[in-house]
Amino acid sequence: MAPVHPLLWRSLRIFQIYGANTDVGKTIFATVLCKAARSKWKKEQTAYLKPISTGPQDEADDRHVARHAPEVARTTLLQYDLAMSPHAAAKGKLVPSDNELLSKIYQFASRSATRGPGWLFIETAGGVHSPGPSGTTQADLYVAARCPVILIADSKLGGISLTISAFESLKLRGYDIESILVFQDREYDNEQYLRDYFTARHGIPVASLLKPPPRAHNGDTDAKIMSQYYEEESQSTTAHNILKHLDSKHRARIQRLESMSGEAYRRIWYPFTQHKHLSQDSIVAIDAARGDFFQTLVPSIGKAGDETLPILQPSFDGSASWWTQGLGHGNPSLTMAAAYAAGRYGHVMFAGAVHEPALALAETLLDSIKNPRLTRVFYSDNGSTAVEVAVKMALRAARLRYGWKASTDIGIIGLKGGYHGDTIGAMDCAEPSTYNENIEWYNGRGIWFDYPSIKCVRGQWIVQVPDTLKADLGDDQAFKILSDVFDIDSRVSRHEHRAYEKYIERRLSHHVSKGRKFGALLMEPVVIGAGGMELVDPLFQHALVNVVRRSANLFGSCPEPDTSDPTCWTGLPVIFDEIFTGLYRLGRFTASSFLKCQADISVHAKLLTGGLVPLSTTLASESVFKAFESEDKADALLHGHSYTAHPIGCQVALESLRQMQAMEKRGEWDWAKECDWSGSMNDDASATAAPNVWSIWPWDLLSWISDQTGLVAGTWALGSVLAIHMKAADGLGYKSNAALKLQSALRDGNREAMWNIHSRVLGNVLYIMGSQKTNKDDIWEIANMIQHALEGH
């Protein structure tokens, strides 16, 4: 099933009518607006849609519209006989999924748009949070349709509070409330208060209509009275001014959307972008985002001139918004967490103080990571600075233990391609590359090991050894299933690690003999992210950690460390940069668990806050923490940010972790773990055993991609990540253009179904990642599009 489409056409003005409560007059206002639209725009169509209706059919709202505005097209999609909340009325009936219902709404709107210009009013049922048939409240159910809202206020006693609460519920979810309508009531005069409130605080106009006359006992008499009421109110200046305002809002929205790329091109300096190659047309205008999808401006809409075509389309967020998005865009629980902390704290000073979100997050992280070495949490604002904090920690601890001066040139040990951020200190931890070679202050401080990497080629998992290392490490190895590659204990029992350890020891000894000094081992566990989406042989990283930890005599002279404390660092502090790979991105809470070894310092960000706000943490061991204790304040870790441990970020992170851990506990990823993700084309017993590594990307897709050896050098998938390494005639690396054609095909997408995939490339590598909430149906749709794009390559 295609993803949910937003509702925006140039020719069709669509507005959704919400009520602050049930029985506030939604249908009456809808009827007035329908009749007024037909009166003012006589040559245009007007339509009314009631997605869900409950109660006897002869009392349904669309019947009321038909009786008093017969010239208006009207439809009810779901009619339930019992006059109660839709979720209760639907019990025992066939209940469509939320996406199926939204698809029906889109189809109705699309048909209306093809008939020419006009209006469509969509009336909800009950109040803002009245549940739909599936149990999802309407505020959450309809938000993906991205309809501007007309909110019907409650004119009765208590209606001011209900109206403001309804408004805030909608606003928190990203709805645009364009107008608030209310009945005139001299007794309570809610109208005046609401007008002052919403005009002053939000710039939203409040308009009022006369109350309908009391219901007559005789049905025919009542119908005549109401018909007279509708004739008068639909011709009123108020009704016409409301429509004029809504029409201008519709036009302004489209005009702004279509001008955004051009204005951005002239005003914004983009990250990781060579502006010499940037065109106005290549900038994607994002109107909103929900779940795993952006809602983007259809690129050709401004040129086509066909007003019956939709202006927006869903675009799968294939980079998870630079690896941050984990729980779906617009996640209401994360939004509420942010709003709660903003209301309770705003931002508060953190040095020498504490607040509940920061303390609770520190406790949750330390408890969940299951690493007895880690006892302290340091907060910063993004992954790059969190790495700098980690490096400061490690270098100080190593310098003090080995007795070096503060002026000593100390480097780090890392992996080729490893990249840890764009601030100067983090850049110095990476080898020379496209990212830093032209940075004036860059001074790479370390050594970087090349390593065997893993790719699936022709249905087999190959541990590929670089040609330059084959003399030391031997030839490539083939494995039937990916689980076998990650079976560290079995591979160690077969002594596969020995060649790695000998090579590492020899290289370290060589550099130390040249006078080099090192203060830390810094690496991304399992996957090198920005350095090319390389899946590293976990046994190599396991061996590297072990060699570093047992080589204190190699790095410097000092008294033998107290080995009675297994949580104390030895050799050098080991830093795991889990900014990309941690917190379930690869299917586990911590990527270090794949390596069967634990960090002395661990860095986390991105998925930490589910893609909502920036926040990062650097977790450290007590032995590292103690290195900064002194009578001299200058010996403290003098690092901090104005927004250190900001309560909004900490509260959102708590909610993000809570949700992901609850998903794991409930088995919400079991569909992926059990979906033939054996990583093997063979039918032997080992292939059918439950894997300890898994991916949301189906093995059938991976196997098929791996067979496209004319185009693809190899592929891999783990957790929510899929990487496709294209063969590159222009050479491997960030400057390669080999993946651009595939990226372009995905951007073109399915033009008939009107959706596409927004993706990023790293040179010859195109990667796609889902969120932790991406469902099986969407994955298969995306997999089909990827396969189609490669077939047309």
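# Legends to close-up views

**Figure 1. Strand E11 (374–380), strand E22 (616–621) and helix H23 (647–666) are included in what covers the buried residues of helix H13.** The model is a predicted one, in which local features need pLDDT of at least 70 and side-chain atom pairs count only at pLDDT 80 or more, while totals for chains, interfaces and linings use all residues. Residues are numbered from 1 along each chain as its sequence is written, and side-chain values use heavy atoms, with hydrogens and water left out. Helices (H or I, at least four residues) and strands (E, at least two) are DSSP runs numbered from the N terminus. The buried residues of H13 are Pro357, Ala358, Ala360, Leu361, Ala362, Leu365 and Ser368; buried means under 20% relative accessible area, exposed over 50%, and partly exposed in between (1.4 Å probe, protein chains only). An α-helix has 3.6 residues a turn, so residues three or four places apart point the same way. The 13 residues of H13 (residues 356–368) should span 18 Å at 1.5 Å a residue, and this agrees with the 18 Å between its end C-alpha atoms. The expected span is 1.5 Å times one less than the number of residues in the helix. Just after H13, Lys370 takes a positive phi of about 55°.

**Figure 2. Met533 and Ile786 have the most contacts inside the largest nonpolar core, which has 156 residues.** Such a core is a set of buried Ala, Val, Leu, Ile, Met, Phe, Trp, Tyr and Cys residues joined through side-chain atoms within 4.5 Å. Helix H14 (residues 383–402) gives the largest share of this core, 10 residues. Apart from this core lies another, of 47 residues, and among them are Ala20, Leu101, Val149 and Ala153. When neighbours within four places in sequence are left aside, Met533 is in contact (heavy atoms within 4.5 Å) with Trp323, Val527, Ile528, Phe580, Trp716, Val721, Ala723, His725, Leu762, Val765, Tyr767 and Met769. In soluble globular proteins, nonpolar side chains tend to be buried together.

**Figure 3. Phe272, Trp322 and Tyr734 make a nonpolar surface patch of about 280 Å².** Patches consist of residues with over 30% relative accessible area and no salt bridge, with like charges joined within 9 Å and nonpolar side chains (Val, Leu, Ile, Met, Phe, Trp, Tyr) within 5 Å. Accessible areas come from the Shrake-Rupley method with a 1.4 Å probe, and for residues only the protein chains shown count as cover. Phe272 belongs to the loop between helix H9 (237–267) and strand E8 (286–290). With a relative accessible area of 39%, Phe272 is partly exposed.

**Figure 4. Lys249 and Glu178 join their side chains in a salt bridge (3.9 Å, N to O).** The pair links distant parts of the chain, since Lys249 is in helix H9 and Glu178 is in strand E6 (residues 177–183), 71 residues apart. Lys249 is partly exposed at 36% relative accessible area, whereas Glu178, at 15%, counts as buried. In a salt bridge, a side-chain nitrogen of Lys or Arg is within 4 Å of a carboxyl oxygen of Asp or Glu; by this rule the count comes to 40. Side chains of opposite charge can pair when their charged atoms come close.

**Figure 5. A salt bridge is formed by Asp185 and Lys211, with 2.8 Å between the closest N and O atoms.** This pair also links distant parts of the chain, 26 residues apart: Asp185 is in the loop between E6 and helix H7 (190–202), and Lys211 is in the loop between strand E7 (206–209) and helix H8 (219–234). Asp185 is buried, with a relative accessible area of 11%, while Lys211 is partly exposed at 43%.

**Figure 6. Glu629 and Lys626 form a salt bridge, the closest N and O atoms being 3.6 Å apart.** Glu629 counts as partly exposed at 47% relative accessibility, and Lys626 counts as partly exposed at 44%. Elsewhere, salt bridges that share partners join Arg13, Glu44, Asp247 and Arg251 into one network.

**Figure 7. Arg146 has a positive phi, near 55°, and is a residue other than glycine.** Most residues other than glycine have a negative phi, and most peptide bonds are trans. Arg146 is found in the loop between helix H5 (138–141) and strand E5 (149–152), and is buried with a relative accessible area of 13%. Ser321 likewise has a positive phi, near 50°. Ser321 is in helix H11 (residues 320–323) and, at 25% relative accessibility, counts as partly exposed.
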